[in-house]
Each structure stands twice: as C-alpha cells, then as structure tokens.
Amino acid sequence: MAVLSGLEPKAVFEYFEKLCAVPHGSHNTKRISDLCVSFAQELGLRWRQDEINNVVIWKEASPGYEGAEPVILQGHIDMVCVKTEDCPKDMAVEGLDLRTDGEWVWADRTSLGGDNGIAVAMILAILADSGLPHPPLEAVFTVDEEVGMDGAFGLDCSDLKGKKLVNLDSEEEGVFTVSCAGGVRLDCFLPGKQEPLSGETGYAVTLSGLLGGHSGGDIHRGRASANQTMGRVLYSAMERVPGLRVRDIRGGKFDNVICSRNEALVAVPAGRTKEFEAFVKEFDGVLKNEYAGCDDGIALSCVGAELDGALSPSATEHILRTLLVIPQGVQAMNVDFPGLVQTSLNLGIMGMEADGLHFSISVRSCIASQKAMMVQRLRAILELGGGAVSERSGYPGWQYARQSALREDVLAAWKAVSGREGKIEATHGGLECGLFIEKIPGLDAVSMGPELHDVHSVKERLSVPSTKLVYELTCELLRRSR
C-alpha cells in the first residue's frame with residue numbers, strides 16, 4: 001500500500017510518491033524525465049523532451065478560456081541527495097523510503113526532495129484534472145537546478161508562448177518571492193605534493209555533528225561550515241605543534257550545501273602526539289562554546305591512523321594559511337528588504353588530490369557588482385597562495401519589478417483561499433526565474449510553494465496542510481486567469 005495514500009490532495013501525493021520512487025539526484029535525471037514524459041503520454045498531452053532531459057508539456061485551455069494568455073507552471077526535477085551515516089541506501093539507483101504522520105512528510109534517513117518534487121507533483125495533478133477551469137498551460141520541468149541551473153540554461157524557450165511564469169520552488173507558505181540572488185561557482189586549487197613520512201604519527205581528525213543546510217536559505221543562521229572550520233582547526237593545530245603535515249582535508253558533496261562534516265588526515269611530529277591530542281580536546285570545547293545555540297552538536301575528535309605520506313611542512317603551511325583567510329558566510333545584508341542577505345559565499349566541497357587541494361565555492365549576490373567583487377577577492381587570495389580559480393555555472397539574479405500584474409493576481413487569489421494577506425519577499429537563494437526572464441522578453445514571474453523545512457538535509461520535511469493550501473491557491477489562480 002502506498003505510504004501517502006491517505007493524504008490530500010490525493011492526486012498530488014500520488015504523483016509525489018511515484019516521483020520519489022525513482023532516483024533523481026542532480027546529473028541523474030533520465031529516469032524521472034522519462035517518467036514525466038510517460039505521464040504526459042498517459043494524459044494524451046503534447047510534450048517535448050530535450051537532449052539534457054528537460055521536459056515541456058502543453059495542455060490546451062478549458063472551455064471558456066480559449067482566449068486567455070497561456071500560463072507557464074515550472075519546477076525542477078532534480079534533488080539534492082544526502083543521507084545519514086548509517087543509511088545503506090544507494091541514492092543513485094534506489095528511490096526514497098517515505099514516512100508521514102499526517103501532518104508532515106519526510107524520508108527515512110535521507111533528504112526528501114520536496115525541493116522540488118512537490119512542485120512537479122502539483123503541476124502533474126493540475127494537468128491531470130479534467131474538471132479544473134484554466135487557460136492554456138505550459139508545464140516546464142528542468143534538470144540540474146541544484147548544481148547550477150543547467151537545465152534552465154540549456155532549455156529552448158522558442159516554443160513557449162506564455163508571458164506569466166508561476167515558479168513553484170519556494171518554501172514558505174504565504175510568502176511570494178519576486179526577486180532572487182544571482183550566483184556563480186568557483187573551482188579553486190592550491191598546489192601541494194605528497195612526500196614520504198619521516199617518523200611522524202598519523203591521525204584522523206573528524207569535525208562532525210553540524211546542522212549544515214541550504215547555502216541560500218540557511219546561510220544567515222550562523223551555522224558552522226565543516227570545511228571552513230577544519231581549515232581553522234588545522235591552522236591552529238599547526239601553530240601549537242609546528243611541523244604538523246596535512247595528508248587530506250575532505251568534506252561536502254554539493255556547492256550549495258553548508259558542509260556538515262569534514263575528515264582530515266595529518267602527520268604529527270615525533271614526541272608531540274600528547275600535545276596534539278590535548279589541542280584537539282581543547283579546541284572541541286572552543287567550538288562548542290562558539291556555536292552554542294546554532295550548532296550545538298558540533299564535535300571535534302581524533303584517532304590514530306596509518307598514513308602513506310603527507311604534504312611537506314612548508315606546503316602544509318601555505319595551504320592552511322590560505323584557507324584561513326578565505327571568507328565564508330554572510331558578507332553583506334540588503335537595505336531594501338530588511339533581514340535579507342545580499343551577498344554571501346559557501347565553501348561547499350573540498351578534497352586533496354595528487355596535485356594539491358581542490359575545493360568549490362558558491363558565491364551569491366542580488367547585486368551583480370558585489371558578486372563580481374567577491375570573485376575578484378577570492379581570485380586574489382588564491383593567486384597570492386600560489387593557486388588558481390576558474391568560474392562555472394554563473395546565473396543571473398532576478399531584479400524586483402515594481403509593476404507586476406501577476407503578483408497582484410497571486411495576492412488576490414491567496415487572500416481568497418486563505419483569508420490572509422500574502423507577504424512579498426526577495427530571497428538569497430537562486431531561482432530559475434532570472435534565466436527565464438532573460439530568455440522570454442516581457443515575462444512576469446512569481447515564485448511560491450508550500451512549507452518545506454531543512455531542505456538539502458536529512459531533516460527535510462514537507463507540510464501536508466500547506467501543500468493542500470498552496471495547491472488550492474494555484475488552482476484558484478488559474479481559474480482567475482481568463
């Protein structure tokens with residue numbers, strides 16, 4: 001029996017459960033893309049699937065709406081795949097194990113992918129509803145949003161006629177997003193070759209227990225980045241124990257996730273092991289004090305380890321000094337939207353390879369010049385450290401439009417279904433709306449969605465009553481779109 005069979009809206013949760021049964025992490029979207037195509041075929045609707053697995057589905061207007069302007073409904077079909085340390089699931093080939101208590105939906109020991117699978121499910125339910133009055137619909141499902149919006153970048157929009165875009169990739173009920181940050185990913189490198197040990201003792205150092213979270217939605221919460229913090233830990237250890245050598249510093253899987261765990265390997269000079277162990281214990285207390293209230297589970301520990309080599313003391317010092325000065329987190333707040341982060345960066349992925357340390361940083365800002373400034377600063381830091389930086393997956397911000405007919409329609413529909421006033425906000429997260437606005441001149445856009453908590457983490461959960469309300473809102477908006 002389906003786990004979500006008793007939830008409403010029934011069609012929405014049926015589609016969501018079917019989508020969750022198919023693995024669909026970023027860069028692994030062929031099966032879920034084909035599933036969306038099969039849904040379109042079952043419904044007898046016109047569809048298009050491109051070579052990178054984006055899917056577009058068209059549905060003609062219902063009677064009485066033939067003269068209405070088309071509406072684009074949009075979401076992305078990839079998800080961020082994370083799991084607990086004790087979860088045996090291979091998320092590249094296995095679906096999710098869903099759970100619900102009737103109020104919330106989550107997945108057992110993995111992320112849920114409500115970001116953005118619930119959007120896809122709601123759109124499919126709308127397409128399947130033969131009794132819903134609506135204008136011509138253009139449903140757009142993009143791939144690889146979570147790793148740089150590659151699907152939206154690659155999508156051919158020439159056959160889309162709609163000038164109104166409803167993006168369903170927001171995560172707070174009753175809050176309607178009308179502007180977002182632009183961003184860019186930086187691939188960074190610091191050189192360093194491994195050399196044989198000369199009598200040192202090996203240790204594995206682990207920084208764990210951090211909450212992590214979305215580098216757009218959670219960056220303002222003051223949570224520690226395991227990658228950035230481990231750089232500080234090892235630099236401090238090197239000051240306490242001169243001659244310490246690094247073998248590896250490794251953490252994170254996604255640029256846009258605040259890293260929650262980092263594991264390092266170090267070689268400690270002979271006769272200094274007790275001093276090193278005492279330092280780790282002491283610094284564990286330092287971190288617990290600093291992050292009390294926002295990352296209470298933070299823990300630093302070390303155990304002995306066999307090593308086959310390590311960087312030289314000079315290469316170690318060079319890399320750790322550079323890591324220490326690389327910024328992390330909020331850099332500037334927005335003055336137009338109080339409480340909104342304007343500029344930030346996140347050191348998401350890190351690992352030592354044969355030629356040195358490789359790591360990736362996600363830079364975000366709603367001000368293009370500040371985004372460029374952060375790239376400039378990071379390039380200067382890395383080049384001073386003898387390293388290099390390359391850019392990829394840059395995407396534009398979405399500038400606030402002072403006049404928006406769609407925004408007014410959404411607020412009116414929300415008031416009708418909820419009895420409450422809606423709230424207009426900007427987000428520091430990246431949304432595909434900016435790319436669609438670039439591709440479709442004159443496009444009016446709003447982003448909305450049901451209540452989703454702790455996305456991109458194993459604590460991710462989706463509100464059932466909120467999903468029902470936002471689905472009703474979307475249907476009401478379409479009824480009003482004559």
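Good morning. The model is predicted, so a local feature is reported only at pLDDT of at least 70 and a side-chain atom pair only at pLDDT 80 or more, while totals for chains, interfaces and linings use all residues. Residues are numbered from 1 along each chain as its sequence is written, and side-chain values use heavy atoms, with hydrogens and water left out.

I begin with the strand S2. Helices (H or I, at least four residues) and strands (E, at least two) are DSSP runs, numbered from the N terminus. S2 covers residues 55-59, and five of its five residues are buried. Buried means under 20% relative accessible area, exposed means over 50%, and partly exposed lies in between, with a 1.4 Å probe and protein chains only. In a regular strand, side chains alternate between the two faces of the sheet. In S2 both faces are covered, with Val-55, Ile-57 and Lys-59 on one side and Val-56 and Trp-58 on the other.

Which strands pair with S2? Two strands pair if DSSP finds at least two bridges between them. Strand S1, residues 46-49, pairs with S2 in the antiparallel sense over four bridges, and Arg-48 stands opposite Val-56. Strand S6, residues 137-142, is also an antiparallel partner of S2, over five bridges; here Val-55 stands opposite Phe-141.

S1 and S2 form a hairpin with five residues between them. Asn-53, in that loop, has a positive phi of about 90° although it is not a glycine. Asn-53 counts as buried because its relative accessibility is 13%. At 33% relative accessibility, Arg-109 counts as partly exposed.

Two cis peptide bonds also deserve mention. One runs from Glu-8 to Pro-9, with omega near 5°, and Pro-9 lies in the segment before helix H1 (10-20). Another joins Asp-115 and Asn-116, with omega of about 15°; Asn-116 is in helix H3, residues 114-128.

Let us turn to helix H8, residues 368-384. Its 17 residues reach 25 Å from the first C-alpha to the last, close to the expected 24 Å, where the expected span is 1.5 Å times one less than the number of residues. Where do the buried residues of H8 lie around the axis? They are Lys-371, Met-374, Val-375, Leu-378, Ile-381 and Leu-382. These residues are on the same side of H8 because they cover an arc of only 130° around the axis, the arc being that of the directions from the helix axis to the C-beta atoms. The face turned away from this buried side carries the exposed residues Ser-369, Gln-376 and Leu-384.

Finally, the largest pocket. A pocket is an open set of points on a 1 Å grid over the protein atoms alone, where a 1.4 Å probe fits, with protein on both sides within 12 Å along at least five of seven lines; lining residues have an atom within 4 Å of a point. The largest pocket has 42 lining residues, and Glu-171, Glu-172, Gly-216, Gly-217 and Thr-427 lie nearest its centre. Strand S22 (423-427) is one of the strands that supply at least two lining residues; its share, four residues, is the largest.
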